[in-house]
Every structure is written in C-alpha cells, then in structure tokens.
Amino acid sequence: MPSVKVYARSEHTISRTLISDNALKVLYRLRKADYQAYLVGGCVRDLLLGREPKDFDVVTDAHPDEIRAVFRNCRLIGRRFRLAHVHFGNEIVEVATFRALNDDGVGDRQHGRDGRILRDNIYGTIEEDAWRRDFTVNALYYNIRDFSVVDFVCGMDDHKAGILRLIGDPEQRFREDPVRMLRAVRFAVKLGFTIHPSCAEPMPRLASLLEGIPSARLFDEVIKLLLSGYSVQTFEELRHYKLFGLLFPETEQCLAREPEGFPLVFLAKVLERTDERIQGNKGVAPFFLFAALLWEPVRILANAKIKAGDNEVFAYQEAASEVLNRQVRSVAIPRTISLTMREIWTLQPRLERTKGVRPLKLLGHPRFRAAYDFLALRAETGEAEPELANWWTRFQSANEAEQRAMTREGASPRTGVPRSRSRRRGPRRPKVTHDT
Ligand code: ATP
Ligand code: MG
C-alpha cells in the first residue's frame, strides 16, 4: 500500500478562483469549527485540469449531526448513507462524513450475489474514505487548511499521465459495482483519459453484470453518458466495450446486423446534433434522443406488422409498445419520456399523408415539430424520402393558398417509399482507435 503523498500549494495547479464561493464558505466554516474539511472527487479532478467543476463535494470528519450544528442552511438527506446538503439559493454543497469499507464484516455492509455491495454505512478515516472510491483520479483531496492535495492512491501520477485506473483489483471493483464500467467510459471520454489496460481488459467480459443493476439507476447513468456533450465518442466506446448492448439490446442487434448501415449513420447523426446543441448551451430533449435510439427496432417491427396486414398507424403503436416494454427491463425510461417517444414514432407514418385536410391538422399537433425534425434526420441519413421532408419544410412556411395547393398535389409520388437504404449513406465516421 503506497503511503500518503501531499502536494503542497506550489506543487499543483488548483486555483481557488475556480472554486465556488459557497463551497469555500462551507470549507472555511467547518475548519473554523475545528473539523477537517476537504474537497474531493470530481471537483478536484476537474480543478486540476483547470476546468470549472459542475458541483463541489466536501468531506469532513464531522458526523452528520455535527455538520448540521455548524450550518443553519443545512438538511440531512439519504437513508442508506446520511449526508448533509448545505443550501445557498440554487446551489447545494454536499457535505459527507469520511466513510470506510472494511472487510472485517463489522458494520452493516452487505454483499449481494457476485460480490455486489448493497449497503455501506460505516464512518472511517480520510484514508479509508479514499480507498473505497472508484478511480484514483477521483480520490484526491484538496485540504482547505493549507491548500495542499492529499493523495493516498497515486492519483496525481495517473492524473498527470491521463490515466483512468480503478483503485485496487479491477475485476473485484467492477464486480462490486458494475456501473463503474459505465463511469469508466464516461470519464475517459469526458477527460480525454485512457482507461488503464488492467481495467479495460475485463470490461467486455464483465459487461453482462449490468443486468443485475436496477433499471432506474441505469437510466440515470445513460442520461449522464449521452447528455455529456461527448455522446458520439461515448457511444462508440460503449459499443467497443460491449456495454451498449446491455443498455439497448435491440438497438445493438440492429447495429450488429448492418455494421455500416442506416442504423449507425442515423444514430451518429442524432448524437452529433445532440453534442452540438449541448456545446452551444442549447437544450436537448431526452425523448428525442431515446426515440432515435430505439427507432430502428420499432421501424422494423412496425414494417413486419404492416406486411402482415396491420394498418400503418396501429402497427407503429403496437411496435412502440412492444419495444418499450422490453427496453424498460434494462434501462427504465420514465413514462413522461416514453409517452412522447411514442408520439414521435406514431407521427412518422402520419407525416407521409400529404394530401387533403390531414397535413394542416398535423401542423397543430403538439409534437409536430419534434416529429418533423425526426423525419428530417431520417431523410438526411437516407431512410426516408428527402422530398417528403422538403415538402413539410415548405408547407410550414407556405401561406394559406399555397398550402391548399400543396395538399391537392401532395408530396411527390415516390413519397412514402423509402429508398433502398444502401444507396444513400452519410459520411463515414472516423473509427476510434484503441492502442492499448
Ligand atoms: P461528475 O463530474 O460526473 O460529477 P464525479 O467524480 O463527481 O463526476 P459523482 O458521481 O458525483 O462523480 O461521485 C462523486 C465521487 O464519489 C466520485 O468522484 C468518486 O470518488 C465517488 N464515487 C461515485 N460513485 C462511485 C462508485 N460507484 N464507486 C466508488 N466510488 C464512487
Ligand atoms: Mg460530482
């Protein structure tokens, strides 16, 4: 076990100007009350990169009741593990007591099958707190007493080398909590770090352990993975490590069937747009993203039903229900989101009807805009008729007389008959290389 290393203020690059005033207030106040107080985790990791952290986690030797006694604006939360939330208007600074994970069976730590940790609720020392964390770069402590960085796990060396490495035995740590595999991908992409080979190697082998994770937790992780602003690369890495198929089994089957075909081109385009929007500080709608992720399975199933004689709209409704029912077993999609996904899907065949009174009615549909955007992306990537998408683009900006004329004619005769998918293909994405 390496001994502790302390990096003095002059030996690291953390600038207090990037630490929020409220986090500093919390740290100073604890310090003044004679408790230890550190920043830890993602915020220290990000500060070392000169990035502004999205939130600040504080750890201390004070117990929850003692923390509450120090702050008036404080609430204790969590049943499994109690922590304090210190409120400052919109900002919350989370304050936790050092926690241990000792293997002596004392305390109320519980293991499930496969060595998964179900509960852990034992207070400990700062060093114990470091060892229970996931990656070495997530276990660095910024000490408010002297502005040093305290490192028990050689996290600073890994941070400098850009390496993401689990603390301890990788396989055991992944078995304890398989979500760490998803976190590995998320952090590696976000930070531009390399997953250490000792951690990368077991991931495809252990990917199926994600089946044991509650689907609601996986939904939270998927949101973090895909709304990170780096979803294109994240998606590629998730597939590389065989994790994606555990999250979206039917989508992965479609992708595997046509390794370079429409499903991949379409998803790459949607994810690219998502990243652009996030990087441009524009909002993104999770329902749109999820609708895209599951479009191919829904489309294929709906087409099979249509071939078997079902009416189009009904076929899409049924396909949507079946695909969603199976999907929520792995990643629970909340109903508010899945209802809108269904609307986008079932509006797709309705958008093919461009004659008569229907188009005008459809313009007033609350989900028209999302469904039209969806159609435009399908057309752009070769699965829907571009002329159909163009028709709707023109229809929206046409005046009444023009609209009447347009609905007499309808879109061009080829409308509604998707071209052969192999004929139109978007630009290929450069492949991610894996040197390790
Ligand atoms: P982000 O920038 O996404 O917030 P983060 O590192 O702060 O990244 P959190 O999920 O907020 O991630 O967790 C805070 C810290 O708690 C981590 O840095 C890590 O030290 C510890 N941690 C979180 N999840 C786990 C886990 N599954 N296993 C072990 N330690 C964890
Ligand atoms: Mg965090």
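The model is predicted: local features need pLDDT of at least 70 and side-chain atom pairs count only at pLDDT 80 or more, while totals for chains, interfaces and linings use all residues. Residues are numbered from 1 along each chain as its sequence is written, chains are lettered from A and ligands numbered from 1 in the order in which they are written, and side-chain values use heavy atoms, with hydrogens and water left out.

The protein chain has 22 helices and 14 strands. Helices (H or I, at least four residues) and strands (E, at least two) are DSSP runs, numbered from the N terminus. Of the 436 residues of the chain, 50% count as buried; buried means under 20% relative accessible area, exposed means over 50%, and partly exposed lies in between (1.4 Å probe, protein chains only). Contact means heavy atoms within 4.5 Å. Among contacts between residues at least 6 apart in sequence, 69% join residues at least 24 apart.

Two strands are said to pair if DSSP finds at least two bridges between them. Strand S3 (residues 57–60) pairs with strand S2 (residues 37–40) in the antiparallel sense, over three bridges. Here Thr-60 of S3 is the bridge partner of Ala-37. S3 is also joined to strand S6 (residues 91–97) by four bridges, and these two strands run parallel. Val-58 stands opposite Val-95 in S6.

In soluble globular proteins, nonpolar side chains tend to be buried together. A nonpolar core is a set of buried Ala, Val, Leu, Ile, Met, Phe, Trp, Tyr and Cys residues joined through side-chain atoms within 4.5 Å. The largest such core has 69 residues, and those touching the most other members are Met-203, Leu-243, Phe-290, Met-341, Trp-345 and Phe-374. Helix H7 (residues 179–191) gives the most to this core, with nine residues. A second, separate core of 34 residues includes Leu-24, Leu-39, Ala-84 and Met-156.

Phe-290 is one of the buried residues of helix H15. Because seven of the eight residues of H15 (residues 286–293) are buried, the helix is largely enclosed by the rest of the structure. With neighbours within four places in sequence left aside, the contacts of Phe-290 include Phe-219, Phe-248, Met-341 and Trp-345. Gly-280 is placed in the loop between helix H14 (262–279) and H15. Gly-280 counts as partly exposed because its relative accessibility is 44%. Gly-229 is 51 residues from Gly-280 in sequence, and the two are 9.5 Å apart in space, C-alpha to C-alpha.

Ligand 1 is surrounded by 16 residues (each with a heavy atom within 4 Å of the molecule). The closest are Arg-45, Lys-54, Asp-177, Arg-180 and Arg-186. The side chain of Arg-45 has an N or O atom 2.9 Å from an oxygen atom of ligand 1, and the side chain of Arg-133 has an N or O atom 2.9 Å from an oxygen atom of the ligand. For Lys-190, a polar side-chain atom lies 3.0 Å from an oxygen atom of ligand 1. Taken alone, ligand 1 exposes 590 Å², and the protein buries 82% of that.

Arg-45 is also in contact with His-159. His-159 is placed in helix H5 (residues 155–161) and counts as buried because its relative accessibility is 8%.

How values were computed: A polar contact is a pair of N or O atoms within 3.5 Å; within protein, one must be able to donate a hydrogen and the other to accept it, and residues adjacent in sequence count only if both atoms are side-chain atoms. Accessible areas come from the Shrake-Rupley method with a 1.4 Å probe; for residues, only the protein chains shown count as cover.
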